[in-house]
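Please read its points with the sequence and the model side by side.

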Amino acid sequence: TSAYTQALCAAARDGVDVIPPEWLAPLELREVIEEIALDLHDCEYWPFGETSRDKAFNDQVWEKYPGW
């Protein structure tokens, strides 16, 4: 398990390319996991929230992540 933990920490720092492909191939819901990971990485810069003027984007985020 320490190898998995080390690979996941390295991926968080350096990107998914450092995870061995044979670990990723059988991963269920890989596309969903990647999308959530990218959203989590990028959300710091999203123009949403109470002070946002972009209501459409707020609605889009709220629909994708209810309760956010």
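1. **Terms and basis.** A residue is called buried under 20% relative accessible area, exposed over 50%, and partly exposed in between, with a 1.4 Å probe and protein chains only. The model is a predicted one: local features need pLDDT of at least 70, side-chain atom pairs count only at pLDDT 80 or more, and totals for chains, interfaces and linings use all residues. Residues are numbered from 1 along each chain as its sequence is written, and side-chain values use heavy atoms, with hydrogens and water left out.

2. **Overall architecture.** The protein has 4 helices and 0 strands, where helices (H or I, at least four residues) and strands (E, at least two) are DSSP runs numbered from the N terminus. Read from that end, the order of elements is α-α-α-α. The radius of gyration is 15 Å, well over the 11 Å that the globule rule gives for 68 residues, so the protein is more spread out than a compact globule. That radius is taken over C-alpha atoms, and the rule is 2.2 Å times the number of residues to the power 0.38. The C-alpha trace spans about 45 × 20 × 20 Å along its principal axes.

3. Buried residues make up 16% of the 68 in the protein. The accessible surface is about 6000 Å², and carbon and sulfur atoms account for 59% of that surface; such areas come from the Shrake-Rupley method with a 1.4 Å probe, and for residues only the protein chains shown count as cover. A contact means heavy atoms within 4.5 Å. Among contacts between residues at least 6 apart in sequence, 18% join residues at least 24 apart.

4. In one, the rings of Trp 46 and Phe 48 have centres 5.7 Å apart and planes at 65°, so the pair is edge-to-face. In the other, the rings of Trp 46 and Phe 57 have centres 5.7 Å apart and planes at 80°, so this pair is also edge-to-face. The pair of Trp 46 and Phe 57 links distant parts of the chain, 11 residues apart: Trp 46 belongs to the loop between helix 3 and helix 4 (55-64), and Phe 57 to helix 4. Phe 57 is buried at 18% relative accessible area, whereas Phe 48 is partly exposed at 22%.

5. Asn 58 is another residue of helix 4. Is Asn 58 buried or exposed? With a relative accessible area of 19%, Asn 58 is buried. Leaving aside residues up to four places away in sequence, Asn 58 touches Pro 47, Phe 48, Gly 49 and Ser 52.

6. **Salt bridges.** The structure holds 5 salt bridges, each being a side-chain nitrogen of Lys or Arg within 4 Å of a carboxyl oxygen of Asp or Glu. In helix 4, Lys 55 and Asp 59 stand 4 residues apart, about one turn of the helix, and their closest N and O atoms are 2.9 Å apart. Lys 55 is exposed at 56% relative accessibility, while Asp 59 is partly exposed at 38%. Glu 34 is partly exposed at 30%, as is Arg 30 at 29%. A further salt bridge brings together Arg 13 and Asp 14 (2.8 Å, N to O); Arg 13 is exposed at 64% and Asp 14 partly exposed at 45%.

7. **A nonpolar surface patch.** Leu 27, Leu 29, Val 32, Ile 33 and Ile 36 make a nonpolar surface patch of about 430 Å². Patches are made of residues with over 30% relative accessible area and no salt bridge: like charges are joined within 9 Å, nonpolar side chains (Val, Leu, Ile, Met, Phe, Trp, Tyr) within 5 Å. Ile 33 lies in helix 3 (residues 30-42) and is partly exposed at 43% relative accessibility.

Terms used: Rings of Phe, Tyr and Trp (its six-membered ring) pair if their centres lie within 6.5 Å; planes under 30 degrees apart count as stacked, over 60 as edge-to-face and the rest as tilted.
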